Amino acid sequence: MKILEQLKEKLADKIVKIEQPNKTRLYITVDRKDLSEAVQAVFSGLGGRYVIASAVDNFDNFEILYHFAFDRENVMVSLRVFLEREKPEVESFAALIPGIAYIEREMWELFGINFLNHPNLKHFLLPVDWPEGNYPLRKANG
Amino acid sequence: MDERKKVVVPIGPYHPLLEEPEFFSLYCDGERVVDMEWEAGYNHRGIEKLAENKHWDQVPFLVERICGICSNSHPVAYCNAVEDLLGLEIPERAKYLRSLISEMERVHSHLLWVGLAGHFLGYNTVFMWAWKYREPVLDMFELITGNRNNYGIMKIGGVRRDVADEDIPTLKAVFGGLKGKVEMLTKAVLDDPVLAARLKGVGVLTPQDIRDYGAVGPVARASGVDIDVRRDSPYAAYDRVDWKVITQPDGDLLARAVVRLLEIFESLKIIDQCLEALPRVRGDYAAEVREIPPGEGIGHAEALRGEVFHYIRSDGSNRPVRHKVRAPSYVNIPTFKASCIGETIADVAIILAGVDPCYCCTERVAVYDTDRKKTMYTFDDLVKLSQEKTRKIRHG
């Protein structure tokens, strides 16, 4: 896969794990400290189209997948990062990708994941008076 | 505070221009919009959370209720995601049936948008025409799926119901007859000086704006960004039929209207080819799927408004542990930051409508007498009731 070769070249030893379930899907796990570099490499470097990010509650940690589409090559690249349970936080990419600001607000209110340097981190889907510390999509919430 | 941002004009949460509750604050300097904010969540139903409590086979019924208009695109994207996890190739006949239903949906949705766009501009003749031509499409949905919206026809591994051979001539006649009508409507809309004056050069989005916000579908294609999931990541039968992706270079509202109108003709072409293929492509219309193993899958599909994206995660149980849905409006609406700012307040309504944010129009009524166990009103009775009401209003 051409995209994988280019990514390996750009990110080299920063890639923790590569999963390639079929020829159109590519999951790349990176450490939190290397995430900015990885997002920049995929979005700005290789020109991936920002699709969405999705958070997952794994009970012992949180996981965020940043999905980028490469339409010409028919490959969906998902960057995977794990965040610690106690203090889940990660940098915001709103400055790089303006459209990502909304999904970051959503993950913040629904999962309680903090986004550092977010320009406007306030409730988006939930009402403004939603009780603090109540995160509907966390598994502990039923 | 910024001097120019002193005047705030609210649109929403309940506003005659928005069929669904959404809230936009327009910061204005005179007639010009200098900044804008968007607030959502007035209709939040917690679908992602609900999906975690549903069986894999129940989720298509849930996701088709995300939107009454895209009620086929979401189940298709979800099924694509589960089939991606399973590594499953669906039967040939199911592929044609999926494309057929998806394109019928595109025809009705694009006609709906053209009508609404006319309505927002105060041009109700366009509204009446477009919705008149849309009506037989909904009747065809009723014929083959049993419902005008929320068809309940997609399932993991294929489709739930076959299309009978004897219905194919009716479908061919209706969609064949639609072509001439849509041609007339397209010419009338594109030649109209009033519509051109309101749409040309208004709400321009550059390819860079599209990239910044990740906008998709007709919005992206009207700005010259040549993306379409149907061609780029083929699913259903899109790689088996002949059609082309419509793009326009200008990025304004007129370009978005042109893209949608011309896409109707491509959809009619695909429908025709699917109907030709169905009598010849025999066999199962669904593969049997028993267990969903642990893993994750991504499915996307080109809905009427752009790419619908579904991500699912399985732990091997009978329910998804995580189901992420991204509807096209989620990335299309934020482009208002680029398209509305600098425009006048009067144009904001049509620019917001230009991305075709989701509307729901599935209300139909059935009054049932439980004691006598019969339906009380037929369609003709309801028409009569409606006419009587009009008479009453007229004559006090």
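Predicted model: local features only at pLDDT ≥ 70, side-chain atom pairs only at ≥ 80, totals over all residues.
Student: How should I read a sheet of several strands, and what is the strand order in chain A?

Tutor: In chain A, an open sheet of 5 strands has the order S1-S2-S5-S4-S3, with mixed pairing. Its edge strands, each pairing on one side only, are strand S1 (15-22) and strand S3 (49-57) of chain A. Neighbouring strands of this sheet are turned against each other by 20° on average, direction ignored. Helix H3 of chain A, residues 100-111, packs on the sheet, where it touches S3 and strand S4 (61-70) of chain A, and its direction makes about 5° with that of S3(A).

Student: How many bridges join S1(A) to strand S2 of chain A?

Tutor: There are 5 bridges between S1(A) and strand S2 of chain A, residues 25-30, and the two strands run antiparallel. Within this pair, A:Ile15 has A:Val30 of S2(A) as its bridge partner.

Student: How do I read the buried side of a helix, and which residues of helix H2 of chain A are buried?

Tutor: An α-helix has 3.6 residues a turn, so residues three or four places apart point the same way. In helix H2 of chain A, residues 35-45, the buried residues are A:Leu35, A:Ala38, A:Val39, A:Ala41, A:Val42 and A:Phe43. Their cover includes helix H1 (2-11), together with S2, S3, S4, S5 and S6 of chain A. After H2(A) comes A:Gly47, with a positive phi near 75°.

Student: What should I make of a positive phi in a residue that is not a glycine?

Tutor: Most residues other than glycine have a negative phi. A:Phe59, in the loop between S3 and S4 of chain A, has a positive phi near 70°. A:Asn117, in the segment after strand S7 (114-116) of chain A, has a positive phi of about 65°.

Student: Why does A:Phe59 count as exposed, and why does A:Asn117?

Tutor: A:Phe59 counts as exposed because it has 10 C-beta neighbours inside 10 Å, and A:Asn117 is exposed because it has 10 other C-beta atoms within 10 Å. A further case is A:Lys87, in the loop between strand S5 (75-84) and strand S6 (89-91) of chain A, which is exposed because 8 other C-beta atoms lie within 10 Å. The C-alpha atoms of A:Lys87 and A:Arg25, 62 residues apart along the chain, are separated by 30 Å.

Student: Turning to the core, which residues touch the most other members?

Tutor: The largest nonpolar core has 153 residues, and those touching the most other members are A:Ile64, A:Val77, A:Leu79, B:Val82, B:Val114 and B:Ala257. Leaving aside residues up to four places away in sequence, B:Ala257 touches B:Val114, B:Ala117, B:Val189 and B:Leu199.

Student: How many residues of each chain are in contact with the other chain?

Tutor: In this model, 23 residues of chain B are in contact with 22 residues of chain A. On the chain B side, helix H1 (47-51), helix H8 (207-213), strand S7 (306-314) and strand S8 (320-326) each supply at least two residues. By class, that side of chain B has 8 nonpolar, 6 polar and 9 charged residues.

Definitions and conventions
Residues numbered from 1 in each chain as written. Chains lettered and ligands numbered in written order. Core = buried A, V, L, I, M, F, W, Y, C linked by C-beta atoms within 7 Å. Buried ≥ 20, exposed ≤ 12 C-beta atoms within 10 Å, placed from the backbone. Contact = placed C-beta atoms within 7 Å. Helix = DSSP H or I, 4+ residues; strand = E, 2+ residues; numbered from the N terminus. Nonpolar A, V, L, I, M, F, W, Y, C, P; charged D, E, K, R; others polar. Pairing = 2+ DSSP bridges. Axes fitted to C-alpha atoms, helices over the stretch in contact; angles between N-to-C directions.
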